[in-house]
Amino acid sequence: MRPSHFFATTARWLRCAAVLAAVLPFSGCEWLHMDGRQSAMDAQGPVAQAQLSLFYVTCWVTLVIFILVGSVLAYATFKFRARTKADETFVSEDHGHGNPFVEMGLIGASILALVVIAFPTLKDIAYDHDVPAADKADALQVVATGYQWWFKFEYPKEQIAGAGVLTTGNELVIPAGRAIHIDLRSVDVMHSFWVPKLAGKVDMIPNRANLLWLKADHAGYYWGQCAEFCGDSHALMRFRVIALDPKEYAAWLAAQKQPARNVAAPAGDAPKAQFASLRTFKTNEMGFTPNDELDVSPLDAWRAKQFPDKAEDAALIARGRTLFQAKTCVACHTIRGDDGAVGVRGPELTHVGARTTIAGGLLENNPEQMQRWIHNPSLVKPGNKMWVEGYLVNHITLTSDDEVALVAFLQSLK
């Protein structure tokens, strides 16, 4: 190889390496650790672990193929490269075409690679399809229903006298170490249920029954979301799975079956001022406080939300309850124990104050973010039915004082 050709080739490779090095930081990949909130590489349950193992099998097989094909290509490139002008026009004899050993060998190797992938794939499909026989008798039944753009969770075997089945919205609470059988439904368009650390995505299809099962190895707080494009605010359709130890889960279950808290206002009390000022939020502003307890220790933050705020204003809560009925919120939301609040178009709110998120898992459940959501749902989640079929159709208008009172009432529902 001429020196000039060598240096030119080396320069090209260096430029390629420089471009690759410049692009990698923008790829979003974390090379040192892959245990983010929604990383499927950090399996926390048997279903997710089985799917991760299958992924690794596929990776190893394709890596071997890549090395073999790449090695042959590199060998041919350097072995038979043109060194002179005559080599550039040289036509070699056909040594490979029609060679039965080479062709049959390639076909056999391809079939072998497919077989190596197929066996664990079929085994994993059978395992993921339904709860294993050993766990089926003790499996918890849950019905997950997708809406534009939030999730409803029902516990069919947990009946509440006079109110039907136990229902929650956007936060699925389960017992750790126990199999969970989830029936997947959709009432409008196709959605997809995905909790990366517990199980792979499964579609929620209108007028068609579908299911998945999962199990959390230990107590934890898991992020999930819709993984199928379902409209304008698809990217804003999220949910959480909270896995608790059996004793803590039983306590949560008992609390959820109770009617909503009714904070009685002392006679003659006037509401105290809340929020020093109601601020204006930027478009697409993040709905979570960075580096707070929900970010650092989400399960502890969830536990803290189960208890009433010691500084709550009983008179303000009572005013918020009155507004909740007067502004026709009861037409779309259910609050057990609150006469008239039996709507089913929106999430069930009996214990909404005990959840860590609102607005389909998009915003942190605190007074400021709840006021942001109530003030104008369309600015937070474009196209949502609360704005279109609630505020606009019913001509709902709220003053700042109204918003503050409604927030106080909803936050009191533990």
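In helix H2, the residues Val-47, Ala-48, Leu-52, Leu-54 and Val-61 are buried, where buried means under 20% relative accessible area, exposed over 50% and partly exposed in between, with a 1.4 Å probe and protein chains only. This is a predicted model, in which local features need pLDDT of at least 70 and side-chain atom pairs count only at pLDDT 80 or more, while totals for chains, interfaces and linings use all residues. Residues are numbered from 1 along each chain as its sequence is written, and side-chain values use heavy atoms, with hydrogens and water left out.

Helix H2 covers residues 46-79; helices (H or I, at least four residues) and strands (E, at least two) are DSSP runs, numbered from the N terminus. The 34 residues of H2 reach 49 Å from the first C-alpha to the last, close to the 50 Å expected at 1.5 Å a residue; the expected span is 1.5 Å times one less than the number of residues. The buried residues of H2 pack against helix H4 (100-129), strand S7 (199-204) and strand S8, contact being heavy atoms within 4.5 Å.

Strand S8 also belongs to a sheet. Five strands form this open sheet in the order S3-S2-S1-S5-S8, with mixed pairing; two strands pair if DSSP finds at least two bridges between them. The edge strands, each pairing on one side only, are S3 (164-169) and S8 (210-214). Strands of a sheet pair through backbone hydrogen bonds, either parallel or antiparallel. Strand S1 (residues 140-147) and strand S5 (residues 180-186) pair in the parallel sense over seven bridges, and Leu-140 stands opposite Ile-180 in S5.

Aromatic rings provide another view of the structure, which holds 14 aromatic pairs. Rings of Phe, Tyr and Trp (its six-membered ring) pair if their centres lie within 6.5 Å; planes under 30 degrees apart count as stacked, over 60 as edge-to-face and the rest as tilted. Phe-151 and Phe-193 form an edge-to-face pair, 6.0 Å centre to centre with 85 degrees between the planes. This pair links distant parts of the chain, since Phe-151 lies in strand S2 (residues 150-160) and Phe-193 in strand S6 (residues 191-195), 42 residues apart. Phe-151 is buried, with a relative accessible area of 0%, and Phe-193 counts as buried at 1%. Ring pairs link Phe-151, Phe-153, Phe-193 and Phe-239 into a cluster.

The structure holds zero disulfides, a disulfide being a pair of cysteine sulfur atoms within 2.5 Å. The sulfur of Cys-329 is 8.4 Å from the closest cysteine sulfur, in Cys-332, and is therefore too far for a bond.
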